[in-house]
Amino acid sequence: MPNDPVDVLVIGAGPSGSVVADTLVGEGFAVQCLEQGGWVSPADFPANYDEWELLIQSQWSHHPNVRRLPSDYPVNTEDSDLSPVMFNAVGGTSIYFGAQWPRLLPSDFKVRSLDGVADDWPFTYDDLAPYYDAADRLVGVSGLDGNPAYPPGLEFPLPPHPIGKGGRIAAAGCNKLGWHWWPGTQAIPTTRFKNLAQCARRGTCEWGCPEGAKASSDLAFWTHAVQSGAVLTTGARVRQITVGRDGRANGAMWIDRAGAEHHTRANAVVVCANGIGTPRLLLNSACPGQPDGLANSSGLVGKNLMLHPNCSVLGVYEEHLDSALGPAGELIECLEFYDSRPDHDFVRGAKLHAVPFPGPLNLIEFLRALNDFDATWGPAIHDVVAQHSRTLLWAANIEDLPEQTNEVVLDPNVTDGDGLPAAKVNYRLSDNSKKLLKFAAQRMLDIHEASGAVRTVTLPLVPDQPGHLLGTARMGTEPTNSVVDPYGRSHDIPNLYIADGSIFVTSGSANPTCTIHALALRVARHIAATANSHQVPA
Amino acid sequence: MTTKENATSPSVPMRYRTPRVMTTDELGLLANMADILIPPAGPYPSAAAQAGFTDLLPRALDARADAFDIIVTAIEAAPRDRDELEKYLRRMHDHEPESFQPLSAVLAEAWLLTPGVRDRIGYHGQQRHPAGLEDAANDLMDGILEPVLALDDETPLRWAR
C-alpha cells in the first residue's frame with residue numbers, strides 16, 4: 001500500500017516520470033505514480049505478426065485519435081498543420097520512439113544570445129552535461145565517441161551499432177559533399193544491458209521492440225523502480241491536481257478504469273504527462289484560486305508548443321541496402337546544417353538522419369504521397385515492391401521556434417472517455433519553419449544524389465510525426481515569462497514540479513528524449529537535495 | 001464495426017476480427033480488384049492467381065477490421081465489368097483516398113504475405129539479425145570517417161558554439 005500522503009506523486013509513467021520516480025525512490029522517498037495507461041509486453045507488439053505493416057495503420061497507429069485505446073484521449077488537430085502523436089502507457093511514447101539519442105548542442109541553450117530570437121535557457125550545455133552523462137549510463141546508450149559536432153569528451157557506455165550498407169552509402173554521399181556525419185547514437189544496447197536484451201536489428205523500433213532491446217522507460221526504469229518500492233498505479237487517469245488553502249499542491253483526483261474516483265494525497269506533485277498532456281492537466285485543474293489553470297499566472301501554460309516538423313526524402317538505389325535491418329533509429333546523422341548560417345534566409349537549422357525503411361507495404365504507403373495511380377499500381381507494383389531492400393530514407397527534424405500562437409488549449413466540445421475536456425492543438429508552421437523544411441528537403445536530395453540514388457521521392461511535410469511535444473510550460477527565472485523555474489518548480493505553487501518536454505525553452509532540432517531524461521534527472525535530484533526530512537520541499 | 005478479443009491492458013489494442021466472413025461474391029470482387037491493382041507481369045502472376053492469396057485475404061481483412069465497413073461499401077458500389085472496375089478504382093484512388101487506402105492496403109498485403117511473393121522479393125518479415133561482434137568496426141575500418149574528422153581539424157567545433 002502506498003504511504004498516505006506519499007512524499008512525491010508523479011503523474012505520467014513515460015520517460016520523465018520514470019526517471020523522476022526511479023531517482024526519488026532510490027533516495028528513500030515514498031513515491032507513487034499515476035498512469036492512465038497500462039503495461040505493454042514485447043510479446044504484444046505488432047512486429048510479432050507477419051501482417052505488422054497493416055496492424056500499424058490502425059490498431060497500433062502512432063496517433064491516439066486513430067488507435068482510440070482506453071488509455072488514449074482525443075487530441076483535436078482540426079486547426080493544426082501537424083497532428084502530433086503520443087503513446088499512453090507505462091513507458092509513455094518511448095514505447096514507440098526510435099531511440100535516437102542525440103543531445104542538444106551548446107548553441108541550443110543560447111539561441112537568443114546567438115541569433116536574436118526566442119530565449120536562452122536558464123543554464124548552459126555544460127550545466128546539463130553531467131545529467132546527460134548520467135542518463136546515458138542509466139539507459140545504456142550505444143554510440144561512437146568523439147563526435148566533432150559536440151564539445152570534447154562525449155563518450156558513450158556501449159559501442160555503436162553497425163551503420164550497415166545504408167549508412168555507408170549515406171556517409172559516402174556526405175563525404176562527397178564535404179558535410180558532417182556521424183554514426184547514430186541510440187538508446188538501444190549493442191550488448192545485453194541490465195534487463196535490456198541485445199539489439200537483434202528487427203527494425204521496428206518505432207512500433208515497439210519485440211525483443212525487449214530498446215530502452216523504453218518501462219524496461220529501462222520502471223521494473224527497477226517498482227522493485228525499489230515505487231508504487232505504480234496503472235489505469236489511473238488524473239482529473240485534477242488539488243491545491244490546499246495554503247496554496248500548495250496536496251495531491252490529485254483520479255479516475256480508475258471502472259470509473260471510480262480517488263484522491264491520492266501527496267507532499268509534492270511532479271507532472272510528467274508530456275507537452276500536450278501536462279498543459280491539459282494544468283488547465284483542467286483550474287480552481288477558484290487559480291481560475292486560469294494551475295501554475296498559470298504567466299498565462300503561458302499551453303503556449304509556445306514546439307513540434308519539430310519533419311520532412312523526408314526516400315531514395316532508391318541500384319544496390320541492396322538491407323533496408324529492413326534495424327535499428328531504426330538512425331544509421332547516421334548529419335549535423336552540417338544544425339545551426340544558423342549567415343547565408344541562410346532563416347535562423348537555426350535541422351538535424352538530418354539516414355534511417356532504414358523496413359517493409360514493402362510501408363514503401364507502398366510512402367509512395368501514396370505521389371498521388372499517381374500508375375506510379376504505384378498496375379504493372380508498376382512489381383517493380384515498386386522489388387525496391388523494398390534498396391531504399392534509404394533521409395529524414396529531418398526542423399527546429400521549431402516558440403510562438404505563443406502555437407498552443408495547447410482545452411477543447412470546449414470534445415471530451416475523453418471519462419468526460420474530461422480533451423486537448424486541442426492550435427498550430428501553424430512559421431515562415432521560418434517553412435523555409436527550413438524546404439531547405440532541409442533539398443539538402444537531403446543533394447545527399448541522395450551524391451550517394452547515387454536512382455530515384456527519389458520527397459515528402460515535404462510529414463503530417464503525423466513526430467511525437468516531440470515541447471515548450472508548453474517553459475522554464476525561466478522570471479515568473480512573468482515562464483511557468484517553472486530552472487529546476488522545474490512552479491513559480492506559483494512551491495511543491496508542484498514539471499519534468500517533461502513541456503519545460504523546454506527552445507526545441508533545438510535534436511530528438512528530445514535524451515534531453516528530457518537529463519532534465520528529469522536534474523529536477524529529481526534537486527527535489528531530493530532540497531527536501532527537508534522528505535517533506536517535499538523544505 | 002469490428003469484433004474484439006479482450007485485451008487486459010488499456011494500452012494494448014484488442015485483436016480485431018471482421019464482424020463476419022466475406023461472401024463468395026464479395027471475395028470474388030476483391031480478387032478482381034486485386035488483379036487490377038496487381039496484374040500479371042512477365043513471369044509473375046496477378047495477385048489473385050498467386051498461390052495462397054485467397055487464404056491470406058481474411059487475415060489481411062482482420063488486420064484492418066476497423067475499415068471493414070468501408071471495404072464492404074466499396075465492394076457494394078463496384079461494377080462487375082472489368083474495364084469499369086478499373087475506372088472505378090482509379091476514381092476512388094483520385095477522389096476517395098480514405099476508402100482506397102485501406103482497400104488497396106489489404107489487397108496488397110494479402111499478396112505480399114504469400115510465400116511466392118515473399119521468396120521472390122526477398123522479404124520474410126522483420127526477423128532477428130543480431131550484429132556480429134566486429135560489424136560496427138568493420139563498417140568504419142576503411143577510413144570512411146576520416147573526412148569528417150578532417151572537417152573538425154579545419155574548423156574546430158564550428159557547431160558547438
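A polar contact is a pair of N or O atoms within 3.5 Å; within protein, one must be able to donate a hydrogen and the other to accept it, and residues adjacent in sequence count only if both atoms are side-chain atoms. Keep that in mind for the first view of this predicted model.

**Figure 1. Chain B meets chain A.** Let's start where the two chains touch. Across this interface, 28 residue pairs are in polar contact, with both partners at pLDDT 80 or more. On the chain B side, at least two residues each come from helix 1 (24–37), helix 2 (53–63), helix 4 (82–95), helix 5 (97–112), helix 6 (115–121), helix 7 (135–140) and helix 8 (146–154). Helix 5 of chain B gives the largest share of that side, nine residues. Sorted by class, the side of chain B that touches chain A holds 38 nonpolar, nine polar and 16 charged residues. In total, 63 residues of chain B and 85 residues of chain A take part in the contact. About 6100 Å² is buried between the two chains, and carbon and sulfur atoms give 60% of this area.

**Figure 2. Salt bridges between the chains.** Side chains of opposite charge can pair when their charged atoms come close. How many salt bridges are there between chain B and chain A? The count is seven. One to look for joins Arg128(B) to Glu211(A), where the closest N and O atoms are 3.0 Å apart.

**Figure 3. A closer look at helix 5 of chain B.** This helix has 16 residues, which at 1.5 Å a residue should span 22 Å; its end C-alpha atoms are 21 Å apart, so the two values agree. Helix 5 of chain B is mostly covered, with 14 of its 16 residues buried. Now find Ser99(B), which sits in this helix. Is Ser99(B) buried or exposed? Its relative accessibility is 12%, so Ser99(B) counts as buried. Leaving aside residues up to four places away in sequence, Ser99(B) touches Ile70(B) and Met92(B). From Ser99(B) to Ala110(B) is eleven residues in sequence and 17 Å in space, C-alpha to C-alpha.

**Figure 4. Helix 13 of chain A.** Here is a helix from the other chain, covering residues 513–530. Its 18 residues reach 26 Å from the first C-alpha to the last, close to the 26 Å expected at 1.5 Å a residue. Because 15 of the 18 residues are buried, helix 13 of chain A is largely enclosed by the rest of the structure.

**Figure 5. Salt bridges within chain A.** Over all chains, the whole structure has 38 salt bridges. In one of them, the side chains of Arg237(A) and Asp418(A) meet at 3.0 Å, N to O. These partners are 181 residues apart: Arg237(A) is in strand 6 (residues 237–243), and Asp418(A) is in the loop between strand 13 (407–415) and strand 14 (421–427). Arg237(A) is buried, at 2% relative accessible area, whereas Asp418(A) is partly exposed at 23%.

Next, Lys303(A) and Glu407(A) meet in a salt bridge at 2.6 Å, N to O. Lys303(A) lies in the loop between helix 8 and strand 9 of chain A, while Glu407(A) belongs to strand 13, 104 residues apart. Lys303(A) is partly exposed at 24% relative accessibility, and Glu407(A) is buried at 13%.

Finally, Arg348(A) pairs with Glu399(A) in a salt bridge, with the closest N and O atoms 3.0 Å apart. Their loops link distant parts of the chain, 51 residues apart. Arg348(A) is buried at 0% relative accessibility, and Glu399(A) is buried at 0% as well.

Figure 6. Pro327(A) lies in the loop between strand 9 (310–316) and strand 10 (332–334). In the loop between strand 9 and strand 10 you will also find Gly329(A), and the peptide bond from Ala328(A) to Gly329(A) is cis, with omega near -15 degrees. Asp322(A) is found in the loop between strand 9 and strand 10 too. Asp322(A) has a positive phi of about 55 degrees although it is not a glycine, and it is partly exposed at 36% relative accessibility. His308(A), in the loop between helix 8 (274–284) and strand 9, has a positive phi near 50 degrees. At 0% relative accessibility, His308(A) is buried.

Terms used: Residues numbered from 1 in each chain as written. Chains lettered and ligands numbered in written order. Predicted model: local features only at pLDDT ≥ 70, side-chain atom pairs only at ≥ 80, totals over all residues. Heavy atoms only, no water. Contact = heavy atoms within 4.5 Å. Buried area = accessible area lost by both parts, 1.4 Å probe. Salt bridge = Lys/Arg side-chain N within 4 Å of Asp/Glu carboxyl O. Helix = DSSP H or I, 4+ residues; strand = E, 2+ residues; numbered from the N terminus. Nonpolar A, V, L, I, M, F, W, Y, C, P; charged D, E, K, R; others polar. Expected span 1.5 Å × (residues − 1). Buried < 20%, exposed > 50% of the residue type's maximum accessible area, 1.4 Å probe, protein only.
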